[in-house]
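Good morning, and thank you for coming.

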Amino acid sequence: MALMRTYFVAVLLAAALAAEDGDITVYQTEDQAVRECFPSADAFGSEAIRLDDAARGRVAERAGRKVYEREVLVRSAWKGDALLGYAVVSEDLGCYKPITYLVATDAAGRVLEIRILVYRESRGGEVARKRFRAQFEGKSLGDPIRQDRDITNVSGATTSVRAITDGVRKVLAVLQEAYLARGALPARPLVAAVAPQPPAAGPVRRARVLMGTTLEITAFGPDAAEAIGAAMDEVARLESILSHFRDDSELSRAVVAAVKGPVPIGDDLFACLFACERFWRASEGAFDPTVAPLVEAWGFKGGTGRMPTDGDLASALALVGFGHVHLDAERRTLAIDRDGVRLDLGAIGKGYAVDRAVDVLRARGIATALVNFSGNMRAIGTPTGTDGWPVLLRHPRDPEGSLGVVFLRDRAISTSGDYEKSFEVGGKRYHHILDPRTGRPSETACAATVLAPTATDADALSTTLCVLGPDRGREVGSSMAGVQALIVAETSPGGDLRFVGTAKVLSDLHVGESCGAIDGAEG
Ligand code: AMP
Ligand code: MG
């Protein structure tokens, strides 16, 4: 029995996520859900359905949406020789995070019920309510299954409603492709397989709140759960070193001590600051972690922003400049030559942590994994039968839209955007990526996505290119080995968007309709 799953059909293991998992809600496991949907079944089968380009095209046409999956695992439920129906677990992107859901149908492909298995968004969880889900019952591909046509929208949950309605059409179209259109039947399991599948067969996914956001790791392999646990512990250790929110972190203590003269610092803090120096130099000061006092003046340190006074800005700006920070690579020391200089590693720390988590996973023999730390992602290998882990690029001006998809494999990706943290005064938006030279939110770009060999580089560079803007940003991105970048900028405040990329960006990015022509990109 082929049990390898793609990212989209992640098995949820019996061990439900613990309370520490923030706004992630795990409703039930796949096995529980399948058995509850077919209470009279005495056997369950499963088949991995491969979708080549032609099959994917037919599924997309029937579903009326794009389809990225290369393999879908279809479960079948049986009572004696009678096929009761099918169940498919799939994932579609809500606003920012995938929603894991199950669609169960009868043998003719009519929806018996849908279930939400894991919900990760902070809003829109109404899609898990019975009253919403019941709308799908009895529907088949002949029905529209569209928001505001035969599925009533839930206000405040529009994006999640769309993800689920599109997802149900996708699953029904896969069943058509795999069985119904050909009058074929799934293989009947030889033995009653009511027992859950062995956990090692599918990916293990865990999430934990660290550094103020969610770290999610997906990994394959018999030791995946332990390896993920160790990788998460490593990130927790790094938080206690790199955090500028904690007074007792190594960073906070070293910054105070370093004003009096060089102080020895640990390998991780040194490596991270050393990378900062590299990007500060390469960007001629656009990337600069000494923006810490400015970030506070603008109210973005742990807050959603506020307008600083001119006086606040001037005194904060006087403390900005990585030139005051001195690293000695031989002695591994840090010195700061100006009192009051502080460091904010918010633009690079999560990327650095992702790289160390990847080291831990690899050291434990994991060959297929995805580490996702709030949009800073790095992949080890790719699930069998896939070209890479699909990563959707958010449209910077349409939270429900995407610019395209990247299939990530043995590389890292990061996106920075002015929409992440911002506030408005007098119709003007002020955001959290600051130009260290002016002390104000940068106005050159609204988002930058960077693909790089490491997550440290992708994280630091995506912030850097947001500050540098499209033209200089492309030059700096192009000068770095293994880097591809896409920078999105407004042609005038609130106006049309301009897309600028490195020469080979289109070899990685499969653009969607809402992404315009990319200046500088070949092909
Ligand atoms: P990111 O989300 O990786 O783009 O990082 C943004 C965060 O980095 C902000 O919230 C600030 O804490 C910090 N930051 C803002 N501007 C800069 C800058 N020019 N250089 C370095 N860090 C910055
Ligand atoms: Mg960054």
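Is Ala 271 buried, partly exposed or exposed? Ala 271 counts as partly exposed, because its relative accessibility is 31%. Buried means under 20% relative accessible area, exposed means over 50%, and partly exposed lies in between, with a 1.4 Å probe and protein chains only.

Before I continue, a word on conventions. This is a predicted model, in which local features need pLDDT of at least 70 and side-chain atom pairs count only at pLDDT 80 or more, while totals for chains, interfaces and linings use all residues. Residues are numbered from 1 along each chain as its sequence is written, chains are lettered from A and ligands numbered from 1 in the order in which they are written, and side-chain values use heavy atoms, with hydrogens and water left out.

Ala 271 is found in helix H7. Helices (H or I, at least four residues) and strands (E, at least two) are DSSP runs, numbered from the N terminus. In space, Ala 271 lies 9.0 Å from Tyr 352, C-alpha to C-alpha, although 81 residues separate the two in sequence.

Helix H7, residues 267-282, packs with helix H11, residues 455-468, at an angle of about 45 degrees, and their axes are 11 Å apart. That makes H7 oblique to H11. Axes are lines fitted to C-alpha atoms, for helices over the stretch in contact, and angles run from 0 to 180 degrees between N-to-C directions. Angles under 35 degrees count as roughly parallel, over 145 as roughly antiparallel, 65 to 115 as roughly perpendicular, and the rest as oblique. On the H7 side, the contact (heavy atoms within 4.5 Å) is made by Ala 275, Arg 278 and Phe 279. Thr 456, Asp 457, Ala 460 and Leu 461 make it on the H11 side.

Let us turn to helix H4, residues 158-178. Of its 21 residues, 17 are buried, so H4 is largely enclosed by the rest of the structure.

Which helix crosses H4 at roughly 130 degrees? It is H2, residues 53-63, and the two axes come within 8 Å. H2 and H4 are therefore oblique to each other.

Finally, Glu 71 has its place in strand E3, residues 71-79. Glu 71 is buried, because its relative accessible area is 8%.
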